[in-house]
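This briefing goes through one structure by topic. Please have the sequence and the model open while reading.

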Amino acid sequence: MKVKMKMPDLGTTVDEITVVNWLVEVGQEVKRGQALLEVETDKATMEVESFVSGTLEEICVPVNGVTTTGSVIAVIAVTDV
Amino acid sequence: MGTDTIKKYEKEFLLGLYERMFLIREFEEQVKFLFLEGVMPGTIHQCQGQEATAVGVCTALNNDDFITSTHRPHGHALAKGVSPESMLIELFGGVTGCCKGKGGSMHIGDVDKGMLPAIAIVGGGIPLATGMGLAFKMKKTPQVVATFFGDGATSEGAFHEGINMAAIWDLPVVFVCENNFYGASTHVNKVTRLKCIADRAAGYGIRGETVDGNDVLAVYEAAQTAVQECRDGKGPVLLELETYRITGHSRRDACQYQPKEERERWKNNEPIGAFGRVLVTRDDVDEGDLEAIRSQVEQTVVSAIKVGRSAPEPTVADLLTDVYA
């Protein structure tokens, strides 16, 4: 099953969230709770954790790309469902 | 927690503690991502890393003993026997939830299981526990109430009034301070000069004790002694359980006030892993037993989520039922 991972609500006061760095490459396995990427909001720089365990199939927002809460940021193929 | 201590108990009892702690962890982890995905409404305060305090204390209580809880109540509820299904329905706002969908995360509870719906005001459960202790004493029942609160609550007025009244009347209340070292983002050192919160007990003339709150058996044994003292009419006890929250204060908290080194140190000593490592030193427990428990618990939580997601919401006709103010 493929899971479209959306940018969680990080409690920002503005809409824009900038991707600073991807910590996992396409094709790599990720575990639920593992940090996938770093983002910068108007409040802080923070890590975003994967919601599921599986293989990172697609990165939807590149480094320095700007996204918003609820937008798809990655596609993860879930292994054990 | 030594290998000698672990040999004192029955295997089933110990595996039960492991299962209860893992249920709390898995429940919290699943719920965390439901919130992050935006599937679940409201906000949450979670207790990953603090499972041993809830399980150790509640295991020392009888079914008809009571607890009061805080804004971080999921672990306490699961440890006291509230069903994961009724809690997940509640979190999704379903009418068949443990508070009929009107309590949500921060007021979760089930009086039939001996848990007052949680009180989210810091320190708010303490005077209520004292009141319950007074009721038990006046009714001459052998019941005990354990009231959970955090380190921050011990500098609140409600703590002073509640604990002092329980002390002067020898009420059967175990005051359980889960000291996770941070009141939201503020370190405990910034709000009290005491090195040890249990020392506050001296100011009320009662017994206080500091316990490794990540050692489920140490918590259980300390709680058992405290509960017995309460049942014997010797009055309240203050237990300080030192533990650590390895997740944010609330769902949006990235924990940047927790030094990375400190956080890693506590993560390496989180209670479930630590207990598992000692459990397998017994001849009759192996990693396979623990793995079987974990996968069974995962299934329980996954099925409970399915039920929660499809539970019916309260209707307009329910609006004024079970509401007292």
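How exposed is Glu287(B), in terms of relative accessible area? Glu287(B) has a relative accessible area of 44% and is partly exposed. The model is a predicted one.

**Salt bridges within chain B**

- Over all chains, the structure holds 13 salt bridges.
- Glu287(B) and Arg294(B) form one through their side chains, at 2.8 Å from N to O.
- Arg25(B), Glu51(B) and Glu270(B) are joined into one network by salt bridges that share partners.
- Asp284(B) pairs with Arg282(B) in a salt bridge whose closest N and O atoms are 2.9 Å apart.
- Here Asp284(B) is partly exposed at 34% relative accessible area, while Arg282(B) counts as buried at 10%.
- As background, side chains of opposite charge can pair when their charged atoms come close.

**A salt bridge between the chains**

- Arg32(A) and Glu26(B) are in a salt bridge, with 3.2 Å between the closest N and O atoms.
- Arg32(A) sits in the loop between strand 3 and strand 4 of chain A, and Glu26(B) in helix 2 (residues 11-36) of chain B, so this pair joins two chains.
- The relative accessible area of Arg32(A) is 27%, which makes this residue partly exposed.
- Glu26(B) counts as buried because its relative accessibility is 5%, under the 20% limit.

**The interface of chain A and chain B**

- Twelve residues of chain A contact eleven residues of chain B.
- About 1000 Å² is buried between the two chains, and 52% of this is on carbon and sulfur atoms.
- Of the area that chain A buries against chain B, 54% comes from Asp9(A), Arg32(A) and Phe51(A), more than from any other three residues.
- Two salt bridges are found across this interface.
- On the side of chain A that touches chain B, five residues are nonpolar, four polar and three charged.
- Three residue pairs are in polar contact across the interface, with both residues at pLDDT 80 or more.

**The four-stranded sheet of chain A**

- Four strands of chain A form an open sheet in the order 1-8-6-3, with antiparallel pairing.
- Strand 1 and strand 3 (29-30) are the edge strands, each pairing on one side only.
- Strand 8 (residues 72-78) is mostly covered, with six of its seven residues buried.
- Five bridges link strand 8 to strand 1 (residues 2-6) in the antiparallel sense, and Val72(A) in strand 8 is the bridge partner of Lys6(A).
- Strand 8 also pairs with strand 6 (residues 54-59), antiparallel and over five bridges.
- Bridge partners between these strands include Ile59(A) with Ala74(A) and Glu58(A) with Val75(A).
- In a regular strand, side chains alternate between the two faces of the sheet.

**Pairings of strand 2 in chain A**

- Strand 2 (residues 17-22) and strand 7 (residues 66-67) pair in the antiparallel sense over two bridges, and the partner of Thr18(A) in strand 7 is Val66(A).
- Strand 2 is also joined to strand 4 (residues 35-40) by four bridges, again antiparallel.
- In that pairing, Asn21(A) stands opposite Glu38(A) of strand 4.

Key. Residues numbered from 1 in each chain as written. Chains lettered and ligands numbered in written order. Predicted model: local features only at pLDDT ≥ 70, side-chain atom pairs only at ≥ 80, totals over all residues. Heavy atoms only, no water. Buried < 20%, exposed > 50% of the residue type's maximum accessible area, 1.4 Å probe, protein only. Pairing = 2+ DSSP bridges. Contact = heavy atoms within 4.5 Å. Buried area = accessible area lost by both parts, 1.4 Å probe. Salt bridge = Lys/Arg side-chain N within 4 Å of Asp/Glu carboxyl O. Polar contact = N/O pair within 3.5 Å; in protein donor to acceptor, adjacent residues only side chain to side chain. Nonpolar A, V, L, I, M, F, W, Y, C, P; charged D, E, K, R; others polar.
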